[in-house]
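Visitor: I'd like to learn how to read a model like this one. Could we go through it feature by feature?

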Amino acid sequence: MSGVEIRELESFLVLAQELHFGRAGERLYISQSRVSQLLRSLEGRIGAPLVERTSRRVSLTPLGESFLASLRPAYDALRATVDEARAAARGMGEALRIGFQGTVDDDLGEAIARFGDRYPDCAIDIVEIPLSDPFGPLRREEMDCAVVLLPVTEDDLVLGPVFSRQPQTLAVSVRHPFAARESVSAEELADCRLIRIDGGAPEYWRQAQAPDLTPGGLPIPSGPSVNTLQEGLSLAAANRGVMLLCRSTAEYHARRDSVTFVPVRGLPDSELGLIRHRLRPSAQAEAFALAVGETTGTAN
């Protein structure tokens, strides 16, 4: 390793994500100049520049791109190994904090039970994540892992396993014209006011949950925006708009007498995925990911 330090590698990984020395320093809790110093040290050990710096932008050199592609999985594996050893030494005694969106379905409930049976000394906290902020609680270290709706393309998050692929349904008031239908087509969403998701979720994610256009290109009128699932269901019940939900969430709330759930034809299936923070892995979260994979029959 020629004396390479872990902090040098961490600085390079964060800088490769942010492409900004100041933001990289903020994430690493060090100064901008210290990030630059660590990068220069790493480049000196390698013998060539990894990053191109100008007064306007920061970018990776071709060697930097290649180094990043090889380093990231190796770094993740090293951190996981160290965390697993630490967990083994302390008997997995710290709490596992799990976030979830929607509902805790049978698969997720079984995975939690499997983890609990395997690590009886590890407390398990389960917290609902608002629809409007799928990734924020994990980034703020409020939890160790989270089950969220796909897609997830965040560089600082590890995704997997992916599971619970299900058709989508439309939550509508019992007074809505679609309430008596056996199903509706995706193109008929152009005749509805679709409830949107507010807050800081990335645009690509919000579009996946509440698209602006039908698959055929028809505009879908916007209804009110919400932060939580309960807000959306309440607005649907009041006939203020309609809301797309996965089938398991619809089945969980099917006892409501003011809302009905109608299958939608022609939309991509909904999927869930377990996410963890790439630079703050925990042995508990990795062990839970294994339990989810075993329960659902999906690979991490």
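Guide: Helices here are DSSP runs of H or I with at least four residues, strands are E runs of at least two, and both are numbered from the N terminus. This is a predicted model, in which local features need pLDDT of at least 70 and side-chain atom pairs count only at pLDDT 80 or more, while totals for chains, interfaces and linings use all residues. Residues are numbered from 1 along each chain as its sequence is written, and side-chain values use heavy atoms, with hydrogens and water left out.

Visitor: Which residue just after α3 takes a positive phi?

Guide: That's G47, with a phi of about 100 degrees.

Visitor: Which residues of α3 are buried?

Guide: Buried means under 20% relative accessible area, exposed means over 50%, and partly exposed is in between (1.4 Å probe, protein chains only). In α3, the buried ones are V35, S36, L38, L39, L42 and E43. Looking down the axis of α3, these fall within an arc of 165 degrees, so they line one face of the helix. The arc is taken from the directions from the helix axis to the C-beta atoms. S33 and G44 are exposed on the face turned away from that buried side.

Visitor: What about α5: which of its residues are buried?

Guide: The general idea first: an α-helix has 3.6 residues a turn, so residues three or four places apart point the same way. In α5 (residues 106-118), L108, A111, I112 and F115 are buried. Their arc around the axis is only 100 degrees, which puts them on the same side of α5. D106 and D117 are exposed on the other side. The cover over the buried residues includes β3, β4, β5 and α10, where contact means heavy atoms within 4.5 Å.

Visitor: Which residue caps the N-terminal end of α5?

Guide: D105 does, with a side-chain oxygen 3.3 Å from the backbone nitrogen of D107. D105 also turns up among the residues touched by Q166 in strand β6, along with C246, R247, S248, D269 and S270, leaving out residues up to four places away in sequence. Q166 itself counts as buried, at 10% relative accessibility.

Visitor: How many cavities of 30 Å³ or more does the search find?

Guide: On a 1 Å grid over the protein atoms alone, a cavity is a set of points where a 1.4 Å probe fits but cannot get out, and lining residues have an atom within 4 Å of a point; a pocket is an open set with protein on both sides within 12 Å along at least five of seven lines. Points join across faces, edges and corners, and volume is the space filled by probe spheres set on them. The search finds one such cavity. The largest cavity holds about 250 Å³. Its lining has 22 residues, with L131, L149, L244, L245 and C246 closest to the centre. β9, β11, α9 and β13 each give two or more residues to that lining.

Visitor: Which element supplies the largest share of the lining of the second largest pocket?

Guide: α7, with three residues. That pocket has a volume of about 200 Å³. It is lined by 14 residues, and L150, Q168, A208, P268 and D269 lie nearest its centre.

Notes:
Polar contact = N/O pair within 3.5 Å; in protein donor to acceptor, adjacent residues only side chain to side chain.
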